[in-house]
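Hi,

Here is the structure I promised to pass on.

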Amino acid sequence: MNGDEQLLRGRVYGHDHDDPDPGPRPQQAYALLIGGPLDGLLLDITGWRPEEIENGAALPTELGRFTGGRALYDPRPGEPRMPGPGVSCRFYHSGDAP
């Protein structure tokens, strides 16, 4: 794991590493990002409808295969989701896009 990856673990996607509190908030729901350039980050999915969660996410990042591209993350079909705040599901890296 390189230095950039260590800075990301346990943080919420979209929060800068120098934010005073880049970690999760108690009343929010998150998807844990597994694999790829954003491995270990939490994605805030508070308020997402079930069909939005099923569609996964294309997240802009400079850390992926394409500079200025997107890292693609999807849930696994049939994997259980926990209702309420905290980590409610996992999104797995499925590739990168320009």
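This is a predicted model: local features need pLDDT of at least 70, side-chain atom pairs count only at pLDDT 80 or more; totals for chains, interfaces and linings use all residues.

Residues are numbered from 1 along each chain as its sequence is written, and side-chain values use heavy atoms, with hydrogens and water left out.

The sheet is open and has 5 strands, in the order β2-β1-β5-β4-β3, with mixed pairing. (Strands are DSSP runs of E, at least two residues, numbered from the N terminus; two of them pair if DSSP finds at least two bridges between them.) At the edges sit β2 (42-44) and β3 (57-61), each pairing on one side only. From one strand to the next, the twist averages 40°, with axes fitted as lines to C-alpha atoms and angles running from 0 to 180 degrees between N-to-C directions.

Now the pairings. Strand β1 (residues 29-34) runs antiparallel to β2, with 3 bridges, and Tyr30 stands opposite Asp44 there. β1 also runs parallel to β5 (residues 86-97), joined by 6 bridges; here Leu33 faces Phe91. β5 pairs with β4 (residues 69-74) in the antiparallel sense over 5 bridges, and Tyr73 has His93 as its bridge partner.

Ala29, in β1, is buried (under 20% relative accessible area, 1.4 Å probe, protein chains only), at 15%. Its C-alpha is 4.4 Å from that of Pro85, 56 residues apart along the chain. Beyond its neighbours within four places in sequence, Ala29 has contacts (heavy atoms within 4.5 Å) including Leu43, Ile45, Gly84 and Ser88.

Cheers

Note on methods: Helices (H or I, at least four residues) and strands (E, at least two) are DSSP runs, numbered from the N terminus. Buried means under 20% relative accessible area, exposed over 50%, partly exposed in between (1.4 Å probe, protein chains only).
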